[in-house]
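Colleague: I have a model open and I'd like to learn how to read it feature by feature. Can we start with charged pairs?

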Amino acid sequence: MLRSLVGSEMCIRDSSRQYLDSIPPPPPDGEPELPPQEPVKLYGYWRSSSSWRCRIALHHKRLPFRSISVHLAKGGQHSAEHKARNVMEQVPVLELEDGRCLTQSMAIMEYLEAIAPTPSLYPADPWLKAKALQVAEIANSFCQPLQNLSSLKAVAALGADKVEWARNWIAKGLGGIEDVLREYSGRCCIGDDVSIADVCLIPQLYGARRFGVDMADFPLISQIEERLNFEPAFEAAHCDVQEDAQK
């Protein structure tokens, strides 16, 4: 018994010594500790729906980031400095600590999902994941490109009513989303958990109201928006609370 106790004590001492040896020594007196690594940077614009959805995803995953404004209305996206980050002269741009840049909101959110898989932006079920992506892509690929600044300028240059143009296409896209929600929505777009569908839908609704879409035609979308407005990630990412927001 005594040998057993002595042996156990030696093992504990050895384990403690290994643990203590693994702790890096403090910096010498007078030498400052290295500062913490700077968080990633998100270059965006307050009411850009693409930037907005990335903000939601970052907050949802509790990833620290620094938001940097690129003033689209003043042409900030066309500056040489920003073009070096994104040759497409668009936002958002996610800049990592080592200087690498990633563009396009869907690619950025895929990257965030890979490095921080919990909480996930996708349902576990493959079919529901595909449905979440369907909703997300209607907002991302159908509605948003037809309401962005460059598209509206092109429409106006042809002599058409840019507001009516945007309103009609956004309403068509929301109709497609409302149809999916009739079968798959719960508390959120797909079931009861936040997914990439919600992350892409909510910013689109700001544009819908901006261009005069009658939201009474989309009751399920409106109900989900009302619920998600109280989610911390959605509150923190809302365009109206951003530093560059214009009242």
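**Reading the model**

Modeller: Look at E231, which makes a salt bridge with R187; their closest N and O atoms are 2.2 Å apart. The two ends come from distant parts of the chain, 44 residues apart: E231 is in the loop between helix 9 (219–228) and helix 10 (232–237), and R187 in the loop between helix 7 (162–184) and helix 8. A salt bridge here means a side-chain nitrogen of Lys or Arg within 4 Å of a carboxyl oxygen of Asp or Glu. Keep in mind that this is a predicted model, where local features need pLDDT of at least 70, side-chain atom pairs count only at pLDDT 80 or more, and totals for chains, interfaces and linings use all residues. Residues are numbered from 1 along each chain as its sequence is written, and side-chain values use heavy atoms, with hydrogens and water left out.

Colleague: How many salt bridges does the count come to by this rule?

Modeller: The count is 7. One of them joins the side chains of K83 and E89 at 3.7 Å, N to O. Another pairs E225 with R209 at 2.7 Å, linking helix 9 to helix 8 across 16 residues of sequence.

Colleague: Are E225 and R209 buried or partly exposed?

Modeller: Buried means under 20% relative accessible area, exposed over 50%, and partly exposed in between, with a 1.4 Å probe and protein chains only. E225 is buried at 10%, whereas R209 is partly exposed at 42%.

Colleague: What about a charged residue that is buried yet has no salt bridge?

Modeller: Lys and Arg count as positive, Asp and Glu as negative, with His and the chain ends not counted. R55 is buried without a salt bridge, and the nearest side chain of opposite charge, D244, is 6.0 Å away. The R55 side chain does reach the backbone oxygen of W46 at 3.0 Å. Not counting residues up to four places away in sequence, R55 touches L42, Y45, W46, F65, A237, H238, C239 and Q242.

Colleague: Which residues does V70 contact, leaving aside its neighbours within four places in sequence?

Modeller: Y43, G44, Y45, G76, Q77, H82 and V91. V70 lies in the loop between strand 2 (65–69) and helix 3 (80–85) and is buried, at 6%. V70 and Y43 are 27 residues apart in sequence, with their C-alpha atoms 6.3 Å apart in space.

Colleague: Where should I look for cis peptide bonds and positive phi?

Modeller: V91 and P92 are joined by a cis bond with omega about 5 degrees; P92 sits in the loop between helix 3 and strand 3 (93–95). T118 to P119 is also cis, with omega near -5 degrees, and P119 is in the loop between helix 4 and helix 5. For positive phi, E89 is not a glycine but has about 60 degrees; E89 is in the loop between helix 3 and strand 3. Q104, not a glycine either, has about 75 degrees. Q104 lies in the loop between strand 4 (101–103) and helix 4 and is partly exposed, at 41%.

Colleague: Last one: which residues lie nearest the centre of the largest pocket?

Modeller: On a 1 Å grid over the protein atoms alone, a pocket is an open set of points where a 1.4 Å probe fits, with protein on both sides within 12 Å along at least five of seven lines; lining residues have an atom within 4 Å of a point. Here 34 residues line the largest pocket, with S48, L72, Q144, N148 and L149 nearest its centre. Helix 5 gives the largest share of that lining, 5 residues.

How values were computed:
Polar contact = N/O pair within 3.5 Å; in protein donor to acceptor, adjacent residues only side chain to side chain. Contact = heavy atoms within 4.5 Å. Helix = DSSP H or I, 4+ residues; strand = E, 2+ residues; numbered from the N terminus.
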